[in-house]
Structures are given as structure tokens and as C-alpha cells.
Amino acid sequence: MAQIHHYYYDDDRCEFVPVQHNSRDHFIQTTCLWILNGVVLGGIGLSLLSSYVGTPAELALREENQVLVHQLEQTQQTIETLEGEVIEISEFDNEMYRSILGMSPVPVSERIGGTGGVDPYSDFDLYSEDASEILRRTTGQLQTLERRLAVQRVSFDEIRNYYNENRDKLRHLPAIRPVNGIILSNFGMRIHPVLNYRRMHEGLDFRADVGTPVYATGDAIVSFSSMRGTYGLLIELDHGNGYKTRFAHLSSLAEDIKQGVQVERGDLIGYSGRSGVVQGPHLHYEVLINGRPADPMYYIFADTTPEEYLMYQETASSNPYSMD
């Protein structure tokens, strides 16, 4: 490749004269040219990189936003779990506490409530699409949860006031567990362990060894205390207002327990056993309203938390057999 020469015009000689470079000047000139080109190209590259990828600060902020979005997603899952638990408590409140006490249930629409009018979450549109959506959903769930908790708090206050005003009457309600033991079999259709066919199980079977103390579940009068067919040794209590309870398969009666005796909630009335037609020792407990069997699970609320109630229900419902 031919060498490129540069010229300048010499006024005295009236001609173009080639520019003479020594090696040092030529090296400096070439080096400066390459540095200048490098700076220009580097600036262009950084500009393009910033446009398509982002500056280091933007990259760090983007990564931080991703972490925050992930945390919001985890928070939302926690809120959904809490909301499910509150729904279970509200159902327990309506179906058990209010139903047994004869109080009107709280409507679902009142428990949930609602918000209307303009979009209350429009401020979240300033954020990224993912973050905005999660913030909208999470905030809405939190507000719904707050409303549910507020309604539930008022409901419990109403139940407490009702109980305080009707305490004497409610003393007769069979509202505690008759024995200190877990529930083995629930109310409903079950397979009899001895007769080996499916039939209606009209009570709860509590685990109880022979000789375990059995207690009256509400103030009552002993209306029966003797042997009765497949029940074995049976105590029947009349609580008034149409309520009766039965305690079956006993091994013996407590002292002075006989027909006509008055008992109070928590009084010792007998001892569990295995009399009658049974698979093994336990206590069979029934609640009757106007002569018709009712699920006793709804009548053990005075000494049972919602968590214990759900645990008992799940454990007993999973067993297809009864003990008697």
C-alpha cells in the first residue's frame, strides 16, 4: 500500500511542499488518534449498553425489585393462609356457637363487606406490571381480612354478652366434653365393629380406658341409670328445654347417681368401661334434642378451641368404623 503524504503550501516558493515527520512525532500522532478513536467508540458502546441493559445502578435496582417482588409473593401466600383460617373460624362461629345458642348467623356478605367507587389502588400503577398486580391483590386481601376480623370480633362480643345474660339457662346446655380423651369415631354412618355392617352412629366415641371418670356436660336430672340393651350400663340426663344426653358402655356409676338425682355441669356421674356390644373400652356419648339425635361435636364448645374442634373433626371423620 502506497504511503500517504501530507502537503502544505509554501508562499515564498509558490509550491506545495511535503510535510516532513520524524519518527517521534509520527508515533505521538498515531497514538493520540487511536486513543481518540477508542474513547469515541467506548462512549458509543456504553451508551448502547445503557440503553439496552442498564447502568450498574439500574441493574442493582432491578435486582432489588425482583427480590421485593418475591417477598411480596411470599407475603401474599401467608395472607391467603390466614384468610383461610379466618373463614374456618367464621364458619365455626355460625355453625356452632350461634346455632347452639339460638342466635342468627352473620351473613357472608356482611363478613366480607366490599369497597366501591373509584379505583382505590391506582397509585400502584406507578410500579412495574408485576409489582403493581401483586400490590393490588395483596392490599385487597389485607383489607378483606381486616373486615373479616372486625366482624368476627363483634360477633364474639355478641356471643359473650348473650351468654352472660342467659347464663343460668345455658348452664343446662351440654357444652363440655364428657371425658378427657380424643374422639375416635364421629356422628354419622359408620361400620359397626362387631355386627360388621354400615349403620347410623348416633353419637361420638371417646377414647377411655376402663375406669376413666365421666362427667355431666350440663346441669340436669338423672332420668335413667341402668343396663339397656347394646348400650350396656347407661346414664341418661335430662337437661330441660328438650335436651338429653346419654353416656353408654359404663363400668360403674358414681356414688349417689340414680334416677331423679340432680347434677351440675362437671359433676362426676360414672366411669367408662366396655359393657354392651362394643369392640373395646370407650365412652359412647349422645346428644338428643326433642328425642332426635344431634351431632355432639357441636356441643363441646365450652372447653374446645376452634383448632381442637377442627382436629377432632378431621381425625374422627377419617375413621369409617365406630366402636359400638
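# Exercises on salt bridges, strands and surface

Asp219 is buried, with a relative accessible area of 13%; buried means under 20% relative accessible area, exposed means over 50%, and partly exposed lies in between (1.4 Å probe, protein chains only). The model is predicted, so that local features need pLDDT of at least 70 and side-chain atom pairs count only at pLDDT 80 or more, while totals for chains, interfaces and linings use all residues. Residues are numbered from 1 along each chain as its sequence is written, and side-chain values use heavy atoms, with hydrogens and water left out.

**Exercise 1. Which residue forms a salt bridge with Asp219, and where do the two partners lie?**

Step 1. A salt bridge requires a side-chain nitrogen of Lys or Arg within 4 Å of a carboxyl oxygen of Asp or Glu. The structure holds five of them.

Step 2. The partner of Asp219 is Arg171, with the closest N and O atoms 3.1 Å apart. This pair links distant parts of the chain, 48 residues apart: Asp219 is in the loop between β7 (213-215) and β8 (220-228), and Arg171 is in the loop between α5 (167-170) and β3 (183-185).

Step 3. Arg171 counts as partly exposed, at 26% relative accessibility, whereas Asp219 is buried.

Step 4. As a general principle, side chains of opposite charge can pair when their charged atoms come close.

**Exercise 2. Trace the salt bridges of Glu236 to Arg228 and to Arg246, and state which network they belong to.**

Step 1. Glu236 is buried, with a relative accessible area of 7%. Its side chain meets that of Arg228 in a salt bridge at 3.8 Å, N to O. Arg228 counts as partly exposed, with 27% relative accessibility.

Step 2. Glu236 also forms a salt bridge with Arg246, at 2.8 Å, N to O. Here distant parts of the chain are linked: Glu236 is in strand β9 (residues 232-240) and Arg246 in strand β10 (residues 243-253), 10 residues apart. Both residues are buried.

Step 3. Through shared partners, salt bridges join Arg228, Glu236, Lys244, Arg246 and Glu286 into one network.

**Exercise 3. Is His201 buried or exposed, and which polar contacts does its side chain make?**

Step 1. His201 lies in strand β5 (residues 198-201). The residue is buried, with a relative accessible area of 4%.

Step 2. A polar contact is a pair of N or O atoms within 3.5 Å; within protein, one must be able to donate a hydrogen and the other to accept it, and residues adjacent in sequence count only if both atoms are side-chain atoms. The side chain of His201 makes such a contact with the side chain of Asp205 (3.1 Å). A polar atom of the His201 side chain also lies 2.9 Å from the backbone oxygen of Asn186.

Step 3. Not counting residues up to four places away in sequence, the residues that His201 touches include Phe187, Arg190, His284 and Asp324.

**Exercise 4. Compare Asn241 and His249, residues with a positive phi.**

Step 1. Phi of Asn241 is near 55°, a positive value in a residue other than glycine. Asn241 is in the loop between β9 and β10 and is exposed, with a relative accessible area of 58%.

Step 2. For His249, also a residue other than glycine, phi is near 65°. His249 is in strand β10 and counts as buried, at 2% relative accessibility.

Terms used:
Helix = DSSP H or I, 4+ residues; strand = E, 2+ residues; numbered from the N terminus. Contact = heavy atoms within 4.5 Å.
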